[in-house]
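Please look over the sequence and the model shown below before reading on. The report is written for someone meeting this structure for the first time.

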Amino acid sequence: MTKILVDLGKCQGYANCVVAAPDIFDLGDTGKVELLEATFADDRLGDVREAIRSCPAAALTLEEPAP
């Protein structure tokens, strides 16, 4: 199962991830990203990858299972 990892030390609260996948990401009270879903359905992978690519702080990574 694919999993999203967040480095809160890098997160700057740009919210690009929220725009790309608002059902997966949100900004918390601290202004940093919060995961609404750490794991997700395969049909959401494109949006999640876009959210990760769009993060200017490189605070998001994807942990994918070995083939």
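## Basis of the report

This is a predicted model, in which local features need pLDDT of at least 70 and side-chain atom pairs count only at pLDDT 80 or more, while totals for chains, interfaces and linings use all residues. Residues are numbered from 1 along each chain as its sequence is written, and side-chain values use heavy atoms, with hydrogens and water left out.

## Salt bridges and a network

A salt bridge is taken here as a side-chain nitrogen of Lys or Arg within 4 Å of a carboxyl oxygen of Asp or Glu, and by this rule there are four salt bridges. One of them joins arginine 44 to aspartate 47, with the closest N and O atoms 2.5 Å apart, and salt bridges link Asp23, Arg44 and Asp47 in a network.

Aspartate 47 has a relative accessible area of 30% and is partly exposed, a class that lies between buried (under 20% relative accessible area) and exposed (over 50%), using a 1.4 Å probe and protein chains only.

## Pairs involving helix H2

Arginine 49 and glutamate 64 form a salt bridge at 3.0 Å, N to O. This pair links distant parts of the chain, 15 residues apart, since arginine 49 lies in helix H2 (residues 45-53) and glutamate 64 in the segment after strand S4 (60-63); helices (H or I, at least four residues) and strands (E, at least two) are DSSP runs, numbered from the N terminus. Arginine 49 is partly exposed at 31% relative accessibility, and glutamate 64 is partly exposed at 40%.

Glutamate 50 and arginine 53 also meet in a salt bridge, at 3.2 Å from N to O, and both lie in helix H2, three residues apart, or about one turn of the helix. Glutamate 50 is partly exposed at 38% relative accessibility, whereas arginine 53 is exposed at 59%.
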